[in-house]
Amino acid sequence: MMNMTKPLTIALPVALMTTVSAAGAENITLRVGSGHPIGLLAYTETAHEFFAPELERRVNEETEHTLTIQELHSGAVADVDEILQATRDGLLDIGFASLIFEPSNAFLHNFPLFMPFGTPDPYMATEAGRATLEAHPEMISFFEEEFGQKYLTGSCLENYGLGTDFEWRAFSDLEGQKIAGAGVNLDWIAGASPVTSNLNEAYQAIQTGVYDGYISAAAWWESFSLYEVAPVFTLTDFGSQYVNSVTINLDTWNSLPEEVQEILMEVSEEYEEETARVCAESEEKAVAALEEEGATVFEIDQQAREDWAEALKDFPNRMAQEANERGLPGTEVMTFYLEELERLGYEWPYRYEID
């Protein structure tokens, strides 16, 4: 994923804009946005293609109020690591945040990333992730208490795999290779030499030999044309990740008419499901596109997955203990998610132990 970091430079809050017309009907304008471009990842695609138009349509058709939505994606108001702050400060009314870029503010909300080789099924990841938050309400109230916003829903990221400029089959084949990652997934790199990077610089870095591969979803490998310099993509099934949040500034929420609040909650719930659908379809479409471009796509065999997962056996517990030391319920949250996936029928390639 792209790592776009810079100080939040816009300082003047933008309040929810409403005017009252006859019979108490309101003209409402909501500013919604994210740090990623539309269409790069499933969560921004569905924010643009489903959430914004569906919310606008339902409010305008089912209530006496008029809603206009202004979309501000691709860092127009805030970069990927600034969405929580921008929504708190009123620069956005509704923020779509990728919490992988909030390791300090939302450390434990990245719990799926702390357990690599989770389910590749975005529907299952979404169900288990949502259940984990609901079972630990402090993970939801966190947004209101720490950032002055109401949590509306979460959503998935696509299933991670590995793109390389070399072919490999066994886990031991990675030895001596330089593999890049961003954020928490840098810790997934075992057996190879990890390199910190981001998708913006991946093409040139691979082309010039800075590193030999990058942890990525198949869809991103295709959309960034990385197959041109690294024509091998391996479906490793690191897992689909339930690590995005959709929140609304609390003052904005409290100012909305009750019927608009109800529609917003309904659309948010449907957005979560729609994003899971897009996550599921994007991999299939991307694989077909990569193969059409001449790239080699293969699926990691079970032994290689087991070997890689076992090499990471201490990582989940280390992250749980780090969360505990921060005063967060790391052990409880991660154990719940691990067991919830099992309850839904998922079998881990290596069964992690959380103390």
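The side chains of Arg169 and Glu167 meet in a salt bridge, with 3.6 Å from N to O. A salt bridge here is a side-chain nitrogen of Lys or Arg within 4 Å of a carboxyl oxygen of Asp or Glu. Arg169 has a relative accessible area of 40% and is therefore partly exposed; buried means under 20% relative accessible area, exposed over 50%, and partly exposed in between (1.4 Å probe, protein chains only).

The structure is a predicted model, in which local features need pLDDT of at least 70 and side-chain atom pairs count only at pLDDT 80 or more, while totals for chains, interfaces and linings use all residues. Residues are numbered from 1 along each chain as its sequence is written, and side-chain values use heavy atoms, with hydrogens and water left out.

**Salt bridges**

The structure holds 15 salt bridges.

| Pair | Distance |
|---|---|
| Arg169 and Glu167 | 3.6 Å |
| Glu281 and Arg277 | 2.8 Å |
| Glu340 and Arg343 | 2.8 Å |

Glu281 and Arg277 both belong to helix α8 (residues 258-292), where they are four residues apart, about one turn of the helix. Helices (H or I, at least four residues) and strands (E, at least two) are DSSP runs, numbered from the N terminus. Glu281 is partly exposed, with a relative accessible area of 31%, and Arg277 is partly exposed as well, at 29%.

Glu340 and Arg343 are both in helix α11 (residues 330-343), three residues apart, again about one turn of the helix. Glu340 has a relative accessibility of 9% and so counts as buried, whereas Arg343, with a relative accessible area of 56%, is exposed. Elsewhere, salt bridges that share partners join Glu54, Arg57, Arg58, Glu61, Glu266 and Glu270 into one network.

**Strand β9 and its partners**

Strand β9 (residues 232-249) is largely enclosed by the rest of the structure, because 18 of its 18 residues are buried. Two strands are said to pair if DSSP finds at least two bridges between them. Strand β4 (residues 94-98) runs antiparallel to β9 and is joined to β9 by five bridges; in one of these pairings, Ser98 has Asn244 of β9 as its bridge partner. Strand β5 (residues 149-164) is also antiparallel to β9, with eleven bridges between the two, and the bridge partner of Gln149 in β9 is Asn249. With strand β10 (residues 296-299), β9 pairs in the parallel sense over four bridges. There, Thr234 stands opposite Phe298 of β10.

Thr236 is found in β9 and counts as buried, at 0% relative accessibility. Leaving aside neighbours within four places in sequence, Thr236 is in contact (heavy atoms within 4.5 Å) with Phe117, Tyr160, Gly161, Leu162, Trp168, Ile300, Arg305 and Trp308.

**Strands β6, β7 and β8**

A further set of pairings involves strand β6 (residues 178-181). Four bridges join β6 to strand β7 (residues 193-196), and the two run parallel. Lys178 has Ser193 as its bridge partner in β7. Strand β6 is also parallel to β8, through two bridges, with Ile179 opposite Gly213 in β8.

Asp212 lies in the loop between α5 (199-207) and β8 (213-217). Asp212 is buried yet has no salt bridge, and the nearest side chain of opposite charge, that of Lys178, is 5.1 Å away. Not counting residues up to four places away in sequence, Asp212 touches Gly163, Thr164, Asp165, Phe166, Gln177 and Lys178.

**Cysteines**

A disulfide is a covalent bond between the sulfur atoms of two cysteines. A search of the whole structure finds zero disulfides, the criterion being a pair of cysteine sulfur atoms within 2.5 Å. Cys156 counts as buried, at 0% relative accessibility, and Cys279 counts as buried at 3%.

Notes: Lys and Arg count as positive and Asp and Glu as negative; His and the chain ends are not counted.
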